[in-house]
Amino acid sequence: MSDIKIEGYEFKPGFKGMAKDTGSDQTMFKGVHWGKAMMWIFLLSDTFIFSCFLISYMKGRGSTLIDWPNPSEVFGLHVFGVDVPLLLIAIMTFVLITSSGTMALAVKYGYEKNKKMCGWLILATAIGGLTFVGMQAFEWGKLIHEGVRPWENPFGAPQFGSFFFMITGFHGTHVSIGVIFLFIYAYKTFAGHYDEGKRGWFTTMKGDYVEIEILGLYWHFVDLVWVFIFAFFYLW
Amino acid sequence: MSEDFNDNKTIQAQSSEAISGGGSGIGADADYVRPAEVADQDLYHGHSFITKWIFCQDAKVIGVQYFLLATFTGIIGLILSWLMRLQLGFPGLAPFMTAEHYYQFVTMHGMIMVVYFLTALFLGGFGNYLIPLMVGARDMVFPYLNMVSFWSFFVAVAVLLASFFVPGGPTGSGWTLYPPQAILEGTPGSGWGIMLMCISLILFVAGFTMGGLNYLITVLQARTRGMTLMRMPLTVWGIFTATVLAMLAFPALLVGALMMSLDNVLGTSFFMPTILKAGEVLEYGGGSPILFQHLFWFFGHPEVYIVALPAFGIISDLISVHARKNIFGYRMMVWAIVGIGALSFFVWAHHMYVSGMNPWFGFFFATTTLIIAVPTAMKVYNWILTLWRGNIRLNTVMLWCLGFIVTFVNGGITGIFLGNVSVDVPLSDTYFVIAHFHMVMGIAPLMVIMGAVYHWFPLVSGRFLDEKLGKWHFWLTFLGAYSIYFPMHYLGFIGVPRRYFEMYDSPYVTSAVGMNEFISIAAFIVGAAQFILIYNIIKTLKTGKPAGHNPWQACSLEWLTPSVPPEHGNWGDRLPTVHRWAYDFSVPGAKEDFITQTTPPSEVANTEVEKT
């Protein structure tokens, strides 16, 4: 953070610097945009939501009397006459993680005011997210076709269906909301709203490239949550 | 340590002055405060009735909107409590009071008072109005989000109240909404009622999150020049910490409400075990009702402190201003608030001692629960030491403060009873519990709200509330509340269970019946006394004594706005610059008995002002 300069304020390194910033006036996180700080705190709150979901899932799975279905069978795909476990999930995870990479590049080009590159990378991220949601819909369709429902499950404990649809659904909603915003931000980037500081339609606040970084934080978080869901649902 | 922080020249100059005890070497550089780090806030000024008063982005208007809607909802909760007391004191007097209605009223009364009244009023009402003013900001940092927050709350209240008009009526499962009974046939409102309750709670949490992000970022990132965290009034500390708790505790409620809705609507079995009903096995099976209790109380216990911490903060400021003394042990008070907040996440299962938990588990939670008594007691001692030899103004505000300390200590002590597993088990689900939590998180925070209303009404409206009516209001409420809840401790000891529609021919009847009648009459009077405040507000809004600037001679920033009541943007052309904490009362050597936060050191050169 040494590139931030504040008039009349001298930064100190390490723990002492943290204590000094905390004890100072005006801001606690020096040079951090309000919206960025807000997104971090929102994500902390959201972490608690997903933690509650996953802990409930562990409790439900741990205490059920009927056997839990074997994930590598349930989530396997039959491709070209071969049973491949977790194939679809591997592709989904790969797509989502890749979209995190394009998002990070978009933030970089945004701060460099490279409108074109930034816009295209946001669009690529949005398409990655859309692909993920599409594949998730396909997986839901497959499971529903095989008879899995929120209230019942032919492969074992009915809670499997309940938790699976609820948690992936909640995560998928997060991804979908992110995709909608990515498309809006891609449009705003191409239209030059961030260059000219055009005021937002709802908030009436001036546009700035920092918004892309804030959306990026959200997007990386959604990816990170997916890694946990992946680990708990598909690998356990 | 001090040399690491010596670039803050204000502190350096003040401390050298305090040591030398004289005014030598105090020049203009002592008044130096670092320039602003960020540009002045860009605000949207409303220009029509709708953007100025309805979909308004001004935190002060939003605060008043929150206050009014929460009060309206609270009055509904009050009327429900009247109906409950009518049944308990005089069974059979009201023919419409069936057992179903009784349980519905219990549930709605509890949920309304805890979530839609107290939480919304403290954080949405006082938080919105006071945080920007007290930290010297022009507004909340995200005014648009703040507006959406209020309107989400509005929709949440509308959905909640709509449940009175749906088939089956509102849910009657108790405010804790425990499954499996909450969604099983036979419990009132098991279909629509519980559904709307869950939807309303989810909306409330969503709306609150938007507001909460505003409060946190405004405190962390939008303070004015010179305003360090340790110069903030304790009100802001209380609301800030409570908001942190809410941001981390409400997720558990959201998840619990969502899973219960799915159990109810889709027939999942998250919380539903295998159930036999009239000899038939229901579709449900394999879920865990205890899981819901954990989720609920992981929210529910911090929720107690979400209500209590703003009350602690506000009362500290009121006592300090009206005793004309600095708050005793400011730093201790801040750390006590933070410590109580942190501890509140490790005590939730003390609400579940009778759920069949492992005794060692109960032992752990009893220990953490009793540890909370330490910072809480520190706070109570500090309030008393603030009053000690203070120049006390015995006005209505101070009466409410004193009433708060008494009721809070009372409720806190019974909390120590209930925190111990072996004492809690026999007292569980008796009127002792009702008495405890109404004292500690019903009446005590209410006393603070009332004190705060009498204190800040001159700021909001520019006029004083009527003192005479205020004193009537206080004494009726205080003595009346004691008449209601003090006998309930006794009812609990003789074993009268809570949530019973009627005592029928139980052995309690003889000794409890007269007491129940007495409590009910007191409850009617206390409820009616609250309308004195409403009358007082309506009366003084137009004809009250004009307050002018800083009528209580307070030090904190909210009283130092160029216009009273403050306008949109709060500070006119220039933001205030802060040189000291909010508690420089009765400083030896000062011309007046208060030094405002904006007074520069050079103006108080020959006083014994403390380094803050």
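1. Let me start with a spot in chain B that is worth a look: Asn570(B) sits in the segment after H15 of chain B (helices, H or I of at least four residues, and strands, E of at least two, are DSSP runs numbered from the N terminus). Its phi is near 65°, a positive value in a residue other than glycine. Asn570(B) counts as buried, with 26 C-beta neighbours inside 10 Å. Here buried means 20 or more other C-beta atoms within 10 Å of a residue's own, exposed means 12 or fewer, and partly exposed lies in between, with C-beta atoms placed from the backbone.

2. A word on the source: this is a predicted model, in which local features need pLDDT of at least 70 and side-chain atom pairs count only at pLDDT 80 or more, while totals for chains, interfaces and linings use all residues. Residues are numbered from 1 along each chain as its sequence is written, and chains are lettered from A and ligands numbered from 1 in the order in which they are written.

3. Arg324(B) also has a positive phi, about 55°, although it is not a glycine. You will find Arg324(B) in the loop between helix H8 (289-323) and helix H9 (330-343) of chain B. Arg324(B) is partly exposed, with 16 other C-beta atoms within 10 Å.

4. Two cis peptide bonds deserve a check in your viewer. One joins Pro179(B) and Pro180(B), with omega about 0°; Pro180(B) is in the loop between helix H5 (143-162) and helix H6 (192-221) of chain B. Another joins Val564(B) and Pro565(B), with omega about -5°, and Pro565(B) lies in the segment after helix H15 (509-543) of chain B.

5. How far apart are the end C-alpha atoms of helix H14 (residues 467-493) of chain B? They are 39 Å apart, which agrees with the 39 Å that its 27 residues should span at 1.5 Å a residue (the expected span is 1.5 Å times one less than the number of residues). Buried residues of H14(B) include Gly470(B), His473(B), Phe474(B), Thr477(B), Phe478(B) and Ala481(B). An α-helix has 3.6 residues a turn, so residues three or four places apart point the same way. After H14(B) comes Gly495(B), whose phi is positive, near 95°.

6. The largest nonpolar core holds 238 residues (such a core is a set of buried Ala, Val, Leu, Ile, Met, Phe, Trp, Tyr and Cys residues joined through C-beta atoms within 7 Å). Ile315(B) and Ala444(B) have the most contacts inside this core, and helix H4 (residues 99-135) of chain B gives the most to it, with 24 residues. Leaving aside neighbours within four places in sequence, Ala444(B) is in contact with Ala311(B), Phe404(B), Thr407(B), Phe408(B), Gly411(B) and Met439(B); contact means that the C-beta atoms of two residues, placed from the backbone, lie within 7 Å.

7. Chain A has 8 helices and 2 strands, in the pattern α-α-α-β-β-α-α-α-α-α along the sequence. Its C-alpha atoms fill a box of roughly 65 × 40 × 30 Å along the principal axes. Of the 236 residues of chain A, 33% count as buried.

8. Finally, the interface: the contact takes 45 residues from chain A and 41 residues from chain B. H2(A) gives the most to the side of chain A that touches chain B, with 14 residues. By class, that side of chain A has 23 nonpolar, 15 polar and 7 charged residues (nonpolar are Ala, Val, Leu, Ile, Met, Phe, Trp, Tyr, Cys and Pro, charged are Asp, Glu, Lys and Arg, and the others, Gly among them, are polar).
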